[in-house]
Amino acid sequence: MPRLTVAVERFPIAGSFTISRGSRTEAVVVVATIEDGGFRGRGECVPYARYGETVESVAATLEQQAGWLAGGGGRFDLAERMKPGAARNALDCALWDLEAKRTGTPAHELAGVAAPRPVTTAYTLSLGEPEAMEEAARAASHRPLLKVKLGGAGDPERIAAVRRGAPDSRLIVDANEAWSPETIRDNLMACSAAGVGLIEQPLPAGDDGLLAEIDRTIPICADESLHDRAGLDALARRYDAINIKLDKAGGLTEALKLAHEARARGFEIMVGCMVGSSLAMAPAMLIAHHAAYVDLDGPLLLAQDREPALRYDGSTVHPPLPELWG
């Protein structure tokens, strides 16, 4: 009989992580573990206040599934039982891992996708004053792809400073909904001047209709404006790419379907993450090879990752070993 346990774990961040909505110094994650017949599957999620989640609410939602699992509930029934979000992600990924361990079949084979391969991940620079961001960019200038957190007023100066600090790195920026109709055109011009390749979520979700009207030379990527396949219709003419995060989609099962349908509609794919450990990143590696941009740098931002962990060689992240996941 499957037995579910839920644990809250904390990982200190190296320094701090700052975006337009605030700053934090640790990653607080919730881990679902399912044990059955000597086999164990695990999944990690990161509750996100922007979507109305707390660590306590996500842990409680997971604990409520224990009886259902013990009674024979499984991954294929999960979408009908739980809404998209962090709790469903942890349980879904734990079920994938359990199935892989129990059958001796790698998760990518169970999913019917190509084996994951090493990919280049973005490395995130936190929001700060231009001088501090230039210094951070210079320290990370050996990395081929930098993701720059912006935050509203002063963003043209920030992105110019980052470009000075890292003249040879490819840049993507993430405004986390902080731009406005009054600032977006100047910010787009500044990004164009800095050679930015992609802009994530410049305007607030639900108030992004202007994106269908403005001229732009840089692709715009939906993050907060998209969670799962149900939101794809609303993105037409506004966005050129989507950021797939397992914590938003509610797990690998939905993320795989979302990637397939988004590509069929002509969207570029970005695979993203919250700040979590290697256990949270590992399932996303199954869709990373579909992506034009990979942002699975969560463990690189931690002072210490879990063991076993994903292997990072600089900005190259390698597929997980079965001991970690899948």
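Axes here are lines fitted to C-alpha atoms, for helices over the stretch in contact, and angles run from 0 to 180 degrees between N-to-C directions. The model shown in these views is predicted.

**View 1. Packing of helix α4 on helix α10.** Residues 86-103 form α4 and residues 252-264 form α10; the two helices pack at about 95 degrees, with axes 8 Å apart. Angles of 65 to 115 degrees count as roughly perpendicular, and α4 and α10 are therefore roughly perpendicular to each other. On the α4 side the contact is made by Arg 88, Asn 89, Asp 92, Cys 93 and Trp 96, and on the α10 side by Leu 252, Thr 253, Glu 254 and Leu 256. Four of the residues in this contact are nonpolar, two are polar and three are charged.

**View 2. Helix α10 and its surroundings.** From first to last C-alpha, the 13 residues of α10 reach 18 Å, close to the 18 Å expected at 1.5 Å a residue. Its buried residues are Leu 252, Thr 253, Glu 254, Ala 255, Leu 256, Leu 258, Ala 259 and Ala 262. They pack against α4, α5, β10, α9, β11 and α12. Just after α10, Gly 266 has a positive phi of about 95 degrees.

**View 3. The nonpolar cores.** The largest nonpolar core contains 81 residues, and Val 148, Trp 179, Val 196, Ile 199, Ile 242 and Trp 325 have the most contacts inside it. Helix α10 supplies the largest share of this core, six residues. Apart from this core lies another of 21 residues, among them Leu 4, Ala 94, Leu 95 and Leu 98.

**View 4. Contacts of Val 196.** Leaving aside residues up to four places away in sequence, Val 196 touches Ile 159, Leu 171, Ile 172, Val 173, Cys 191 and Ile 218.

Conventions: Residues numbered from 1 in each chain as written. Predicted model: local features only at pLDDT ≥ 70, side-chain atom pairs only at ≥ 80, totals over all residues. Heavy atoms only, no water. Helix = DSSP H or I, 4+ residues; strand = E, 2+ residues; numbered from the N terminus. Parallel < 35°, antiparallel > 145°, perpendicular 65-115°, else oblique. Contact = heavy atoms within 4.5 Å. Nonpolar A, V, L, I, M, F, W, Y, C, P; charged D, E, K, R; others polar. Core = buried A, V, L, I, M, F, W, Y, C linked by side-chain atoms within 4.5 Å. Buried < 20%, exposed > 50% of the residue type's maximum accessible area, 1.4 Å probe, protein only. Expected span 1.5 Å × (residues − 1).
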